[in-house]
Amino acid sequence: MPSPFSVQPRNLSLSLIQKFIPKKWRSVRESDPRNCGQSVPCSSHECISGPCNARNESMVDCLLTTLKDFVGQGHICKAFRTFSLIRTHVSSQTPCDVIIQSLSSLLSCCTNCKALSEGKQIHAHIINLGVVHSWNLVPRIITFYTTFGLLDDAHIIVETSNILHPLPWNLLISSYVRKGQNEEAFFAYRQMVNRGVRPDDFTYPSVLKACGKQLNLVLGKDIHKSIDASFLEGNLFVQNALVSMYVKCGELDVAHDIFARMPIKDAVSWNSIISGYASKGMWSKAFELFDKMRATGAEISIITWNTIAGGCLRTGNFIGALKLFSQMRTCGIQLEPVSTLIGLSACSHTGLLKIGKGIHGLVIRSHLGDVDNVRNALINMYARCKALKKAHILFQLVDSKAVITWNTIISGFAHWDMSEETSFLFREMLLSGVEPNYITIAGILPLCARVANLQHGKEFHCYLTRREGFEEHLLLWNSLVDMYARSGKVVVARRLFNLMSKKDVVTYTSLIAGYGIQGEGREAIELFNEMIRLHIKPDHVTMIAALSACSHSGLVMQGQKLFEQMQSTYGITPHLEHFSCMVDLFGRAGLLKKAEKIIMKMPYQPTPEMWATLLGACKIHRNTEIGEWAAEKLLELKPDNPGYYVLIANMYADAGRWNKLAEVRTIMRDFGVRKSPGCAWVDTGSGFSPFLVADTTSGQTNDIYYLLGGLNKQIKDTGHLTTEDSSSEEELCEGLLF
């Protein structure tokens, strides 16, 4: 648009000017008794620039009000025209404040309307008028330039102004912080202080925020001292900024001390300290503060609700997360994506499908169904709750499926070991043109290991080697090593292991576990020692794999040594799983007294699996005394596994305790316990087929039984059958379970 200052009105009549004046103002002027009966004939030029100063001043006031209205409505062109009229009416007696007010309003209009060129023209005019250092104009000019990101220009204006009030500096510093230019904010702050401008309660929060972002604790502490010296330590905004700065710099103790001394706390105060403990994973302290916050009746923001509910998820308290989600709804907090994701994730972990469906209903009513993350979380929730059909329906309803959507449905089917459906979905993904990422493959490879489906696993291995971009993802190659190791292909797993340029604790743990499964305990221990020599620290999973390898290979001394080194050398507190490995180790070796001692002294309650392990060892080594004790303890737990009752029955039969055997039989009948028939998956070349005990429905029954007979003969020849009366025991079990 042409510059408004190039327009010089000539011969304008009062009627034309009055077009810009609201009707209600004109009516007031017409009813003014001072104007009644007056009819002053004059030329249009005289009406504007004549000696009638009183009328001009009144006109300027009206035009100034009109200008402000146009500015408020965003009518920049009308505002400029009005300003031209004001300039025409201004006389030598008119105060300079009128022009400054007009210019200030025009700058605001240019800022709001994003009119850079026009705003610069206003700035040039301000310079020409010699009012560039006006207190009313300097903040407007700074705001104008910072709005357009021209912070260098704004900085020059602040530097050249002679205003000692902190407002211009505050505007500049806060703009630097908003733009992430924290070092520039520090520089401006130092300039401000060096010029003798005293920071106020708006300066400190901005600079402290920059200190937190830059983790500049040294400057933050200096500012803290300045705050104490300026008697602003009681200001709520300043104290909140201090707490936030110390939290971000990791000084939680200092932050908590400041927080505790604050006489008044608002939601920001509580949010800052709670999020600080949450960011450091100190959830117990965060939960404690949250409870105190609720007790004070402080308003809890959605961010705090989500932080604490998310903490419940991270600590495994899924029911607690759902309770918080319910309380949020009770408090009338509007459902939004983050809280929805937390609720759905909690349902996924707990399998609470009914609650998940309720959240789905809330999602529909809150119009969140089109949010990608929420939609993917719904698919995941249904899949993890084993409602795979519903999950697939939701998946099909997605028009544009991103890679994360494909990953969600694929991992859902893989979670339930549905290998064929998973492979089908992966092929559909490729046909749709969506490129799989490393998460896609990493979700499928463990499935191939669990179901011993090496065919699909090898296909994925080939896919990885032929595609670029997967080399640096250690997770994938760890999954491949784990897949081959679990499937009994330890040689292939070791070959792949040796080819890997980078290895971590997961890589070693996978191969150690593979050697352990194959009974190659010495190789597993050698690999464990190699890991220690390379300064790769084992974790609790590694220790389970190593102890299990010792157990399967009869390496009692090595297993004992590893168990002792867990806490003393590696700083790992033994969990229940580690004690279970030791019970299995001593039980297999026939050291039943030591196994009993482990159970009696460990700081955990024995599980049914642990009692069953000891009971099985007692049966093999014919120790009826400890066996009966283990059987009694196992019966007290009333396990759901029917195989445990069979094991107990066999124990009593071996000991000739027929009364106890009858009791077990009665318990099994009362609880409706029936042993599921043994099932194996046979690879017939074209796929896997299930084969049950005494199954005659297969078309290859004769071939399968012929193969089974040969396997039984080889097992007997190698001496792996531990008891001679196994057939009679099997008959006994069948009699118990009719």
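**A walk through a helical chain**

The accessible surface of the protein chain comes to about 38,800 Å², and 54% of that belongs to carbon and sulfur atoms. Keep in mind that this is a predicted model. Inside the chain, buried residues account for 44% of the 738 residues. As for secondary structure, you'll count 41 helices and 2 strands. Take the contacts between residues at least 6 apart in sequence: 60% of them join residues at least 24 apart.

Now let's zoom in on helix 29, which covers residues 490–499. Its buried residues are V490, A493, L496 and F497. Look down the axis of helix 29 and these buried residues fall within an arc of 125 degrees, so they line one face of the helix.

What do the buried residues of helix 29 pack against? They pack against four helices: helix 27 (454–466), helix 28 (474–486), helix 30 (505–517) and helix 31 (521–533).

Together with Y705, L707 and L708, L711 makes a nonpolar surface patch of about 350 Å². Is L711 itself buried, partly exposed or exposed? Its relative accessibility is 43%, so L711 counts as partly exposed; the partly exposed class runs between the buried cut-off, under 20%, and the exposed one, over 50%.

How values were computed: Residues numbered from 1 in each chain as written. Predicted model: local features only at pLDDT ≥ 70, side-chain atom pairs only at ≥ 80, totals over all residues. Heavy atoms only, no water. Buried < 20%, exposed > 50% of the residue type's maximum accessible area, 1.4 Å probe, protein only. Arc of directions from axis to C-beta. Contact = heavy atoms within 4.5 Å. Patch = residues over 30% accessible without salt bridge, like charges linked within 9 Å, V, L, I, M, F, W, Y side chains within 5 Å. Areas by Shrake-Rupley, 256 points an atom, 1.4 Å probe, with all protein chains shown as cover. Salt bridge = Lys/Arg side-chain N within 4 Å of Asp/Glu carboxyl O.
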